[in-house]
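Have a look at the sequence and the structure on the screen, and I'll walk you through what I found.

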Amino acid sequence: MAGEPDEEWDNHLDALQRAATQHQWMDEPRYKRLFRDIEDRISGVLGTGEYEWADRRVFDSVFDQSTLLALHKLIQGGEIETLDFPIARGKEAHVFHATTANGPAAVKIFHTTNAVFKSLSKYIDGDPRFSGLKRRHRELVNIWVRKELRNLRRCRKHGIPVPMPRANLRNVLVMDLVGNENSPAPRLKDVSVDDVEDVFEKLITYIAVLWQNATLVHSDFSEFNVLWHEGTPWIIDVGQAVVEQHPSSKEFLVRDVTRTVEWANRNGMTVDTAESVLRVIEDPAPNLEPLPGLD
Ligand SMILES: Nc1ncnc2c1ncn2[C@@H]1O[C@H](COP(=O)(O)OP(=O)(O)OP(=O)(O)O)[C@@H](O)[C@H]1O
Ligand SMILES: [Mg+2]
């Protein structure tokens, strides 16, 4: 506990320093122009005038050079009209409400530098032996985003209600907004549903369909990653989903079922975990109608 304020101060200084060095590139005419091109389109998430400290920090962690370039391309390409406001700010990614020609969208921007990587990078920056590391890290993030996109497609192919992916460039993923126009749907965690049993049945069916038909395990299935929209559950956040061949797939499957059972039991049901796991593995899963949007 001792030394915590110091650490906080260090982080603060670190962030300031990063901000100062990170945005020098913005002074270059080419980038100035580029930024001016899209400034209006992303002003909803930048704040106007002087940025609040919080916004500044958001800005630094989310909108680095490579991300702005990606956004620029997506905006010029007509994939995004405007980035409007943040929906969620996580450790791995920020999710923004966006407007597109095809209606509202959710834009998930993965951080290209996570906290661990940031704390390591001060030992690495400036050491020529590791000059490729930042790039490799970024590559890894990009692969992760493509994995989420492919998993979304695979889910939809098997009839699991997940948002339709629309576009992806580097660490930016554009998908359908689950919700109405200006209001993203709440998480299952934040609503109380009338028919818990019906929702539980749906969720268990989805886990079973994923396992048996799509040979996928969501691996972070919980009321945090289920949205409640138009009276029915929607699954999100499938980046970490693994295929059956993954050495831990069964362990993850059991965990997904366990969390779902726990949610049901907290909401008045009495369901047995082992029985539910058996159901998922052994009861033949239905073939659900594919959802549109596949190439
Ligand atoms: N397509 C979408 N439509 C509406 N809201 C969304 C959508 N995608 C994400 N959200 C909102 O953003 C939040 C964060 O999204 P998500 O769960 O995908 O990322 P995350 O949990 O930050 O990811 P990670 O597990 O990498 O940290 C969700 O809880 C949800 O509220
Ligand atoms: Mg999540």
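Let's start with one pair of residues: leucine 83 stands opposite alanine 98 in S2. Before going further, keep in mind that this is a predicted model.

So where does that pair belong? S1 and S2 run antiparallel, and six bridges join them. Another pair across these strands is alanine 88 with its bridge partner in S2, valine 95. To get from S1 to S2, the chain makes a hairpin through three residues.

Now zoom out to the sheet. In what order do its strands come? The order is S1-S2-S3-S5-S4, five strands in an open sheet with antiparallel pairing. At the edges you find S1 and strand S4, residues 165-169, each of which pairs on one side only. From one strand to the next, the twist averages 25 degrees. If you're new to this, strands of a sheet pair through backbone hydrogen bonds, either parallel or antiparallel.

Next, the helices on that sheet. Helix H2, residues 29-46, packs on the sheet and touches S1 and S2. The direction of H2 makes about 25 degrees with that of S1. Then there's helix H6, residues 133-157, which lies across S3, S4 and strand S5 (172-176). H6 runs at about 165 degrees to S4.

Stay on H6 for a moment, and find glutamate 148, which lies in that helix. Is glutamate 148 buried or exposed? It has 23 other C-beta atoms within 10 Å, and 20 or more is what we call buried, so glutamate 148 is buried. What does glutamate 148 touch? Leaving out residues up to four places away in sequence, it touches Leu173, Val238 and Gly239.

On to the ligand. How many residues surround ligand 1? There are 21, and the closest are Ala88, Gly90, Glu92, Ala106 and Asp237. Strands S1 (82-89), S2 (93-100) and S3 (103-110) each supply at least two residues of the shell around ligand 1. Both domain 1 (26-180) and domain 2 (185-282) contribute at least three residues each to that shell. By type, the shell has twelve nonpolar residues, four polar and five charged.

One of those closest residues, Asp237, brings me to the backbone. Most residues other than glycine have a negative phi, and most peptide bonds are trans. Aspartate 237 isn't a glycine, yet it has a positive phi of about 60 degrees. You'll find aspartate 237 in the loop between strand S10 (232-235) and strand S11 (242-243). With 24 other C-beta atoms within 10 Å, aspartate 237 is buried.

Threonine 215 also has a positive phi, about 45 degrees, and isn't a glycine either. Its place is in the loop between helix H7 (196-212) and strand S8 (216-217). Threonine 215 counts as partly exposed because it has 15 C-beta neighbours inside 10 Å.

Last, the overall picture. The protein's secondary structure comes to nine helices and eleven strands. It has 295 residues, and 32% of them count as buried. Among contacts with a separation of 6 or more, 65% are between residues 24 or more positions apart. That's my tour, thanks!

Methods:
Residues numbered from 1 in each chain as written. Chains lettered and ligands numbered in written order. Predicted model: local features only at pLDDT ≥ 70, side-chain atom pairs only at ≥ 80, totals over all residues. Near = placed C-beta within 6 Å. Helix = DSSP H or I, 4+ residues; strand = E, 2+ residues; numbered from the N terminus. Nonpolar A, V, L, I, M, F, W, Y, C, P; charged D, E, K, R; others polar. Domains from an automatic or database assignment. Pairing = 2+ DSSP bridges. Axes fitted to C-alpha atoms, helices over the stretch in contact; angles between N-to-C directions. Contact = placed C-beta atoms within 7 Å. Buried ≥ 20, exposed ≤ 12 C-beta atoms within 10 Å, placed from the backbone.
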